[in-house]
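Reader: Please show me the model. I have questions about its packing and its contacts.

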Amino acid sequence: MTTPHEKLVIAVSSRALFDLDEGHQIFLNQGLDAYSEYQITHENEILTPGQAFPLVKKLLSINQQLPGDPKVEVILLSRNSADTGLRVFNSISHYQLPIERAAFCGGRSPYRYVSAFGCHLFLSTHAEDVSSALQAGYAAATILPTARKTPQADEGELCFAFDGDAVIFSDEAERIYKSSGLAAFSASEKAKAAANEPLSGGPFKAFLSALHNLQQQFPVNECPIRTALVTARSAPAHERVIKTLREWGIRLDESLFLGGLTKAAFLKAFHADVFFDDQTVHCESAREHVTTGHVPHGIANEPPTEEDQQQNH
């Protein structure tokens, strides 16, 4: 039997998996009792897919391509109660998603169960839950809404795209850039690359490692999972990134060093199923084209200092 440590485990909230916006508006405007009554009344009505649905469906299909016990598991972590969550499980059954484990937390944050279930990644639409998970040391992202219709999962490759600093790596280099400018950042990265000093790991390092391990279970050139680094870095700051991944023993299929270009067009060209970035400006441009997860981590997500506020004036 495959243990949780031998498989890739993803946790997803019910609002990320399904479109629960109508019920959520009732909760916001009329309160918990009205929300519960609404969900119970409609529990036999199937929910439409949410932003993370195509990603989850593709992830679970990986199990059909590998022999033995499932190598991918999706856990449902929900703020619903088990009573109101019955509609969610009815919808899971309707779409034939092999999701068996869940935590219904009755209004409280479910991030506490990320560790207990052995999850490598937590996807939610609730930014506070995501921040709590990140602060506890787990990879997590807020799945952002978009005006485009949520597509059904196709049968192609499963493509993950990641920003670098403050996502895969720590934000140490980004802090130098923000405090001292581009020239200081470039000089620092070039010197540390020459000294073979790798970057520290960011919140998504462990998830990327687990994803890499899953890719290794497929024959070369037959893996249905593809990964890409999509970063605003450019030469010479690329060298340290490459050496760091080499030090970690992690292979990325593609690395795009954009030198400040907008990422959205490149994400479309890569056919990304999901993109993770710490900066809201990149997330905003990406989310109209691909499912996007904001990673509220690092200096870009810290409150502005007095010095920042003075500079803005």
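This is a predicted model: local features need pLDDT of at least 70, side-chain atom pairs count only at pLDDT 80 or more; totals for chains, interfaces and linings use all residues.

Author: Residues are numbered from 1 along each chain as its sequence is written, and side-chain values use heavy atoms, with hydrogens and water left out.

Reader: How many residues of strand 2 are buried?

Author: Strands are DSSP runs of E with at least two residues, helices are runs of H or I with at least four, and both are numbered from the N terminus. Buried means under 20% relative accessible area, exposed over 50%, partly exposed in between (1.4 Å probe, protein chains only). Val-72, Val-74, Leu-76 and Ser-78 point one way, Glu-73, Ile-75 and Leu-77 the other way, and all are buried. For strand 2 (residues 72-78), the count is seven of seven.

Reader: Which residue of strand 3 stands opposite Leu-76?

Author: Two strands pair if DSSP finds at least two bridges between them. Strand 2 and strand 3 (residues 102-104) pair in the parallel sense over three bridges. Opposite Leu-76 stands Ala-102.

Reader: What is the hand of the crossover from strand 2 to strand 3?

Author: The chain passes from strand 2 through helix 5 (residues 86-94) to strand 3 in a β-α-β crossover. The test views the strands pointing away: a path from the first strand over the helix to the second that runs clockwise is right-handed. This crossover is right-handed.

Reader: How many aromatic pairs are there?

Author: A pair of aromatic rings is described by the distance of the centres and the angle of the planes. Rings of Phe, Tyr and Trp (its six-membered ring) pair if their centres lie within 6.5 Å; planes under 30 degrees apart are stacked, over 60 edge-to-face, the rest tilted. The count by this rule is 13.

Reader: What is the angle between the planes of Phe-18 and Phe-53?

Author: Their centres are 6.1 Å apart, and the pair is tilted. Phe-18 lies in the loop between helix 1 (14-17) and helix 2, and Phe-53 in helix 4 (residues 53-61), so the pair ties together parts 35 residues apart in sequence. Both rings, Phe-18 and Phe-53, are buried. The angle between the planes is 45°.

Reader: How many salt bridges does the structure hold?

Author: A salt bridge is a side-chain nitrogen of Lys or Arg within 4 Å of a carboxyl oxygen of Asp or Glu. One of them joins Lys-263 and Asp-163 at 3.0 Å, N to O, and both residues are buried. The total is 19.

Reader: Is Glu-172 buried or partly exposed?

Author: Glu-172 meets Arg-240 in a salt bridge (3.0 Å, N to O). Arg-240 lies in helix 11 (residues 238-248) and Glu-172 in helix 8, so the pair ties together parts 68 residues apart in sequence. Arg-240 counts as buried, because its relative accessibility is 1%. At 24% relative accessible area, Glu-172 is partly exposed.

Reader: Which residues join Glu-172 in one network of salt bridges?

Author: The network is built from salt bridges that share partners. Along with Glu-172, the residues are Asp-165, Glu-189, Glu-197, Arg-233 and Arg-240.
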